Amino acid sequence: MVNRREEKNYEQKTRRSRALFERAGRLIPGGVCHAIRYFHPYPFFAERASGPRIWDVDGNEYVDFWMGHGALILGHNPPNVVEALREQLGFGCQWGTVNELELDLAEMVVRLVPSAEMVRFCNTGAEATMYACRLARGYTGRETIAKMEGGWHGFNSDLLYYVHGPFEAPESLGLVPARDKIVPLPFNDTEETLARLQEYKDDLAAVIVEPVLGSGGFLPADRQYLQALRDMCSEIGAVLIFDEIITCFRIAPGGGQEYYSIKPDLTCLGKILGGGLPIGAVAGASEILKLSNTIGQPKGSRVAIGGGTFSCNPLSMRAGLETLTYLDSHRSIYEKISVLGKKIREVVENSLEVPGRTTRCTGVGSLFRAHFLKDPAAQLRSARDVHTNADIVAREEVRLALINRGIFTVEGGGMVSSSHGRDELKLLQEACEDVSETSVGS
Ligand SMILES: Cc1ncc(COP(=O)(O)O)c(C=O)c1O
């Protein structure tokens, strides 16, 4: 961390968080249970949240653009969801048996998500993407999966490859046996992608892609790129999987597949689907999903995918149902968060300055992410472009400087909820201007 002044300022404001982080370090490796939650010198510990704001244990208030990893499209504690959950708690929070709420939520998914004919719920997005790969392999009888460089699909062992630059370096110990079954693809580079798919076509079970590359930089796919993937998968008999864990119910009620009018065979869902509670799901073509029916299908002819102890727990089902019902009946939310998202991208690009760098803000709809470019003319079309051109040290300095000014972003950006409005935009603009004038790089 170069900017010691910002660091000192932060430490003064967050003494209790610092003490808690020291305690965390003795109990939890690295002090966090998800690496993305760490920032230098230590993350603030949250105490409560409401609407678009979050407060830490030292009483500091932040405009929250992280929104629970993007799970909270209606903001923190939306009254309708809170009320429903209160009622549901009175009926029990974990039944461990089938319930009507899971059918209601499944029906909602089938209605909203264009390619969803059937659904299987689990507890996290990482499970959903793992199950989607297993289904694709079981369905095709092939083993290789193609994924994007920079594509983040959760911590499951199938897809923890080529996530962070440098992409050739292993993401983790303990993953070795599966590496040769994963083919990296350059996002938005149709020619190179199709050439690689051709090369592996005989053993290609699936291509998995986020319609908007999330962790890789909030980079929207070109429509023709997704169409080329669709056509190629159909031609060679591979399963096209859209990981819509960020995008579904966010960039459109039916996600990227509605936004781009392109149907995958399988879709992975999570985040917003749970209305703020843990969830994951695989949805898609019944012909593929039916392979996971274990009743009456002998071993050897079925795909064993779970759901887990807490799958379809009534709290996640109810919160998800409340959220999707609300979104479905308040469709103007999509226009609202998109307009705000666009303004935020403009504000960030125009008012956040780092000496010697050019600020570019990527995203679509309610998603935004700032990149501080070494080369003003750099293209940002793939995670490799971001890795090559964006200054991560500057991004992290800016993050801390913004936090000191009451703005909470992660990896240079975040997500807008329906609870954000003009006040939050104004606070963001003022913070960006102040950071540019007084802080980073000086
Ligand atoms: C695109 C995408 N896929 C999968 C996941 C994994 O979801 P979870 O964290 O619920 O396991 C994430 C989480 O951030 C994600 O952004």
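A quick rule before you start clicking: a residue is buried if 20 or more other C-beta atoms lie within 10 Å of its own, exposed if 12 or fewer, and partly exposed in between, with C-beta atoms placed from the backbone. What you have open is a predicted model, where local features need pLDDT of at least 70, side-chain atom pairs count only at pLDDT 80 or more, and totals for chains, interfaces and linings use all residues. Residue numbers run from 1 along each chain as its sequence is written.

**Stop one: S261.** Select S261, in the loop between α9 (255-260) and β11 (266-270); helices (H or I, at least four residues) and strands (E, at least two) are DSSP runs, numbered from the N terminus. S261 is exposed, because 12 other C-beta atoms sit within 10 Å. Its phi is positive, about 55°, although S261 is not a glycine. Most residues other than glycine have a negative phi, and most peptide bonds are trans.

**Stop two: the β5 to β6 loop.** Pick Y162, in the loop between β5 and β6. Y162, not a glycine, also has a positive phi of about 55°. Is Y162 buried or exposed? Y162 counts as buried because it has 25 C-beta neighbours inside 10 Å. Now go to P166, in the loop between β5 (144-148) and β6 (182-185). A cis peptide bond links G165 to P166, with omega about -10°.

**Stop three: P41.** Jump to the loop between α2 (15-27) and β1 (46-50), where you'll find P41. H40 and P41 are joined by a cis peptide bond, omega about 5°.
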